[in-house]
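Good morning, and thank you for coming. Please look at the sequence and the structure that I am about to show.

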Amino acid sequence: MSFSVPTAAYVHIPFCRRRCFYCDFPVFVVGDRSRGETSHTISQYVEAVCQEINSAPTFNQPLKTIFFGGGTPSLLSTEQLQQIVTTLEKRFGIASGVEISMEMDPGTFDLAHITGYKNAGVNRVSLGVQTFPAELLKIAGRSHSVEDIFAAIDLIHQVEIPEFSIDLISGLPHQSLDQWENSLTKAVEIAPTHISIYDLTIEPGTAFGRYYQPGDQPLPTDETTVKMYQLGQKILTDAGYEHYEISNYAKSGYQCQHNLVYWQNLSYYGFGMGAASYVQGKRFTRPRKTKEYYQWLENGAIIDCDITPIEEELLETLMLGLRLASGLNLKTLTQKFGTEKVEKIKQCLHPYFDQGWVQIMGEKLRLTDPDGFLFSNVVLADLFDKMGE
């Protein structure tokens, strides 16, 4: 079996000032004052991540995308970010025209920090706005204010970061359709090159998981969250954003190249606590807790898992590829998985062709927008059940 060569790297920076009420990510709370310049905890972690990078296999292909996610990567000092980028460059090489994305939270960086991040190579910022009304920021447990949002956007413009994305969450407790429309309108006025919209998921073990049961008030009803999705699609596409993935919109030429690697089910490196990687057919997630992650490193950072079976790889390819507006290339699917499998996929999806949720355009199998995207979970669950028969 042949595997794609990884040219993308995800680096997890787990530190946060506080844990948001909806967050299920592997994070480490450092409080309001602690950041990279002063925190031994953060310095120790950066050293550990660089150690892991230096132990990773190489395939003589430079990195085309690097993504710093979290947590709150903007709690790193500029020197710490540069240290990681330099380590990646020495280990793998970095291609000219590389996309280096960094998640940043309003209120966690100043002009000196963002200038330093840009000098270290960051050319794409994903700003964790989440919502604009002050009362909803408080309900969500966010540490920033509305004023912090606009101050952060001013800094991004001031240093002229070429690509800039805003993250928004729909379906928050007490969130009305009018508030959602207002957030979308504000986002369009700000005119970032990219906007991501995530519908709130109530995860067990989170503060929201303790406070609320899915479907109960004060969470918006299912009918309202559907309207929120449809409203997002209309407002953003009317404003010239391309709806290129279920949750993501971009101005022409500004799709997130790193995330496209995931959705196309290509290989990628992952580094840091809780980070996932997909290298040489092996899908592996690192320990989610700091102590266990350090112990794993000490034991040799061994990727102890089997190559993904071909049946599982097919399901992953379907699940990820159908998130994209461009869908899946049937010719490519046939070459990799065989005519019989592709014919079975079409047969399983037949009811949804009639319903208008799935379509074939030329060589592309895709979900329709917005209805197919809205009901993607229904389509995929049914498809997986039938493919397993």
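Predicted model: local features only at pLDDT ≥ 70, side-chain atom pairs only at ≥ 80, totals over all residues.

Which residue of strand 4 does H12 stand opposite? In strand 4, H12 stands opposite G69. Residues are numbered from 1 along each chain as its sequence is written, and side-chain values use heavy atoms, with hydrogens and water left out.

Let me begin with the sheet. Helices (H or I, at least four residues) and strands (E, at least two) are DSSP runs numbered from the N terminus. Two strands pair if DSSP finds at least two bridges between them. Strand 1 (residues 8-13) and strand 4 (residues 63-70) pair in the parallel sense, over six bridges. They belong to an open sheet of nine strands, in the order 9-10-8-7-6-5-4-1-11, with mixed pairing. At the edges stand strand 9 (242-245) and strand 11 (269-271); each has a single partner strand, so one side of each is left without a neighbour in the sheet. On average, neighbouring strands of this sheet are turned by 20° against each other, direction ignored. For such angles, axes are lines fitted to C-alpha atoms, for helices over the stretch in contact, and angles run from 0 to 180 degrees between N-to-C directions.

Which helices accompany these strands? Helix 1 (residues 40-55) lies across strand 1 and strand 11, and runs at about 150° to strand 11. Helix 5 (residues 146-158) packs on the sheet and touches strand 6 (124-130) and strand 7 (163-170). The direction of helix 5 makes about 170° with that of strand 6. Contact here means heavy atoms within 4.5 Å.

I turn now to S277, which is found in strand 12 (residues 276-279). Is S277 buried or exposed? With 4% relative accessibility, S277 counts as buried. The word buried means under 20% relative accessible area, exposed means over 50%, and partly exposed is in between (1.4 Å probe, protein chains only). Leaving aside neighbours within four places in sequence, S277 is in contact with Y268, Y269, G270, K282, R283, F284 and R286. S277 and A9 are 268 residues apart in sequence, yet 8.5 Å apart in space, C-alpha to C-alpha.

Two of these contact partners lead us to the aromatic rings. A pair of aromatic rings is described by the distance of the centres and the angle of the planes. Rings of Phe, Tyr and Trp (its six-membered ring) pair if their centres lie within 6.5 Å; planes under 30 degrees apart count as stacked, over 60 as edge-to-face and the rest as tilted. By this rule the count comes to 21 aromatic pairs. In one of them, F21 and Y211 are edge-to-face, 6.1 Å centre to centre with 75° between the planes. This pair links distant parts of the chain, 190 residues apart: F21 is in the loop between strand 2 (15-16) and strand 3 (28-29), and Y211 is in helix 7 (residues 207-211). F21 counts as partly exposed at 26% relative accessibility, and Y211 likewise counts as partly exposed at 48%. Y262 and Y268 also form an edge-to-face pair, with 4.7 Å centre to centre and 70° between the planes. Y268 counts as buried, at 9% relative accessibility.

F284 is part of one aromatic cluster with F15, F28, Y45, Y293, Y294 and W296. As for R283, its charged end sits over the ring of Y278, 3.9 Å from the ring centre. A charge sits over a ring if NZ of Lys or CZ of Arg is within 6 Å of the ring centre and within 35 degrees of the ring normal.

Finally, the salt bridges. How many does the structure hold? There are ten salt bridges, each being a side-chain nitrogen of Lys or Arg within 4 Å of a carboxyl oxygen of Asp or Glu. In one of them E313 is joined to K336, with the closest N and O atoms 2.6 Å apart. E313 lies in helix 11 (residues 310-321) and K336 in helix 12 (residues 330-337), so the pair ties together parts that are 23 residues apart in sequence. E313 counts as buried, at 5% relative accessibility, whereas K336 is partly exposed, at 44%.
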